[in-house]
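Me: I'm new to this one. Can you walk me through it, a bit at a time?

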Amino acid sequence: FAEAMNRYKALSNCNSLNVPTVNMPIWGNISTGIRAQEIKLQRILKLLMSGITAFARSVDSMDLNTEQEDALALLCNTQYEINAFRKSTIKATLNPNLRG
């Protein structure tokens with residue numbers, strides 16, 4: 001998978017496809033179990049980002065059919081939901097003073 005992932009990196013104008021990292025002060029305050037889960041989710045998101053990028057490059061953006069639009073919207077929403085899950089999981093384990 002690494003070779004394919006390297007071919008389909010997020011475009012520079014698509015920052016929302018990049019996998020967000022956890023701030024170091026927060027990283028230092030979460031349990032090793034949550035860290036392990038976070039690393040796994042980041043790997044999944046990197047694969048998903050590469051898949052979304054490959055799909056987007058394979059279609060003509062001016063001539064998407066309904067199925068292509070739906071597929072892209074569902075994949076992007078999946079990425080959003082995983083990121084929301086990551087945030088809520090980390091936030092739930094933090095000291096209330098760090099939650100913001």
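**A buried arginine and its helix**

Reply: Let's start with Arg86. Its relative accessibility is 5%, so Arg86 counts as buried. Bear in mind that this is a predicted model.

Me: Where does Arg86 lie?

Reply: In helix α4, which covers residues 66–93.

Me: And what does the side chain of Arg86 reach?

Reply: The backbone oxygen of Pro20, at 2.7 Å.

Me: Which residues is Arg86 in contact with, leaving aside neighbours within four places in sequence?

Reply: Val19, Pro20 and Val22 are on the list.

Me: OK, helices now. How do the axes of α3 and α4 cross?

Reply: At roughly 165 degrees, and they come within 11 Å. Helix α3 is residues 32–58. The cut-off for roughly antiparallel is over 145 degrees. That crossing angle therefore makes α3 roughly antiparallel to α4.

Me: What about the residues of that contact: how many are nonpolar, polar or charged?

Reply: The contact of α3 with α4 has 15 nonpolar residues, eight polar and two charged.

Me: Is the crossing left-handed or right-handed?

Reply: Left-handed: that is how α3 passes α4.

Me: Let's pick residues on α3. Where is Ile52, and is it buried or exposed?

Reply: Ile52 is found in helix α3. Its relative accessible area is 2%, so Ile52 is buried.

Me: What does Ile52 touch, not counting residues up to four places away in sequence?

Reply: Leu17, Leu72, Leu75, Cys76 and Gln79.

Me: How are the C-alpha atoms of Ile52 and Ala73 separated?

Reply: By 9.7 Å. Along the chain, Ile52 and Ala73 are 21 residues apart.

Me: Next, Leu48. Buried or exposed?

Reply: Buried. The relative accessible area of Leu48 is 15%, and the cut-off for buried is under 20%, so Leu48 qualifies. Leu48 lies in helix α3.

Me: Which residues is Leu48 in contact with, leaving aside neighbours within four places in sequence?

Reply: Leu75, Thr78, Gln79 and Ile82. Take Thr78: its C-alpha atom and that of Leu48 are separated by 8.7 Å. The two residues are 30 apart along the chain.

Me: And Ser50: buried or exposed?

Reply: Ser50 is buried, at a relative accessible area of 5%. Ser50 is found in helix α3.

Me: What is Ser50 in contact with, leaving aside neighbours within four places?

Reply: Met5 and Tyr8.

Me: Back to α4. What about Asp70: buried, partly exposed or exposed?

Reply: Partly exposed. Asp70 has a relative accessible area of 41%. Asp70 is found in helix α4.

Me: How far are the C-alpha atoms of Asp70 and Thr53 separated?

Reply: By 15 Å, with Asp70 and Thr53 17 residues apart along the chain.

Me: Last topic: where is the place of Trp27?

Reply: In helix α2, which is residues 24–27.

Me: What is Trp27 in contact with, leaving aside neighbours within four places in sequence?

Reply: Val22, Arg35, Glu38 and Ile39.

How values were computed:
Residues numbered from 1 in each chain as written. Predicted model: local features only at pLDDT ≥ 70, side-chain atom pairs only at ≥ 80, totals over all residues. Heavy atoms only, no water. Helix = DSSP H or I, 4+ residues; strand = E, 2+ residues; numbered from the N terminus. Buried < 20%, exposed > 50% of the residue type's maximum accessible area, 1.4 Å probe, protein only. Polar contact = N/O pair within 3.5 Å; in protein donor to acceptor, adjacent residues only side chain to side chain. Contact = heavy atoms within 4.5 Å. Axes fitted to C-alpha atoms, helices over the stretch in contact; angles between N-to-C directions. Parallel < 35°, antiparallel > 145°, perpendicular 65-115°, else oblique. Left-handed = near helix turned anticlockwise from the far one by under 90°. Nonpolar A, V, L, I, M, F, W, Y, C, P; charged D, E, K, R; others polar.
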